[in-house]
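Try each one before reading its solution.

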Amino acid sequence: MHKLNRPGEPQALVECRHTFQHWSELSGEHREPIRNALHKMQTGWCAYCGCQISANNQDSHIEHFRKQALFPAFVFQWSNLFLSCCVENTCGKHKDKIIETDDYAIILDPTLDDPEDFLKFVFNGEVVPVESLSDADKRRASRTIELFNLNHPALKDSRRNVIKAVFKYDLPPSEMHYYPHPVAISHAKNRRFR
């Protein structure tokens, strides 16, 4: 998870908000410009785990940060949309299975919070709360890690491999774009590990 800067709302979403009542009514044609705007905002990375995703619906989906069933007023709100990978056991799909209404008050939003202020990568690929956080912020970080399952074994393995490659080959920044997980790369470049 890394900090995202949300641009202005795409006109297609404004039109959909005035035309449709339910997200399920949108066709692929309606969703495409919204998906493309999210893909551009996230520079091709999942908003939560940082894996590389495409703009098509093969490996990503438009994710409602606040679950549609719990927050119907947010369904067409630009601030509520992210592009997430389609892995069932991580990220948006995992969050939607276990989140409770109270969690929305503490979960990290990568457009409002800078996740790097809360989350730290360990050399073994694990994500942990930054030690110097207040108890309340440690709870936010821990719950975010849990809700998005950021320590799923496959994600930890992927990050660990990136970290090892950066250290082993002392990769220059120009070559690091070949590897997934931009936040792990950023931490590796800055040697921000335990």
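**Exercise 1.** Does T43 count as buried or exposed, and why?

*Solution.* Keep in mind that this is a predicted model. Start with the relative accessibility of T43, which is 56%. The cut-off for exposed is over 50%, so T43 counts as exposed. Finally, look at the backbone: T43 is not a glycine, yet its phi is positive, near 50°.

**Exercise 2.** Find where N149 lies and describe its phi.

*Solution.* First, locate N149 in the loop between helix 4 (135–147) and helix 5 (153–169). Then check the backbone: phi of N149 is positive, about 50°, although the residue is not a glycine.

**Exercise 3.** Work out how helix 3 and helix 4 are arranged and which residues meet.

*Solution.* Two packed helices are described by the angle between their axes and the distance between those axes. Here, the axes of helix 3 (residues 91–98) and helix 4 come within 8 Å, crossing at roughly 105°. Angles of 65 to 115 degrees count as roughly perpendicular, and the two helices are therefore roughly perpendicular to each other. Now list the partners: helix 3 brings C91, H94, K95 and I98, which meet R143, E146 and L147 of helix 4. Sorted by type, the residues of this contact are three nonpolar, one polar and three charged.

**Exercise 4.** Which residues of helix 1 are buried, and what covers them?

*Solution.* Within helix 1 (residues 11–19), the buried residues include A12, L13, V14 and C16. Their cover includes helix 2 and strand 2 (81–85).

Notes: Residues are numbered from 1 along each chain as its sequence is written. This is a predicted model: local features need pLDDT of at least 70, side-chain atom pairs count only at pLDDT 80 or more; totals for chains, interfaces and linings use all residues. Side-chain values use heavy atoms; hydrogens and water are left out. Buried means under 20% relative accessible area, exposed over 50%, partly exposed in between (1.4 Å probe, protein chains only). Helices (H or I, at least four residues) and strands (E, at least two) are DSSP runs, numbered from the N terminus. Contact means heavy atoms within 4.5 Å. Axes are lines fitted to C-alpha atoms, for helices over the stretch in contact, and angles run from 0 to 180 degrees between N-to-C directions. Angles under 35 degrees count as roughly parallel, over 145 as roughly antiparallel, 65 to 115 as roughly perpendicular and the rest as oblique. Ala, Val, Leu, Ile, Met, Phe, Trp, Tyr, Cys and Pro count as nonpolar, Asp, Glu, Lys and Arg as charged, and the others, Gly among them, as polar.
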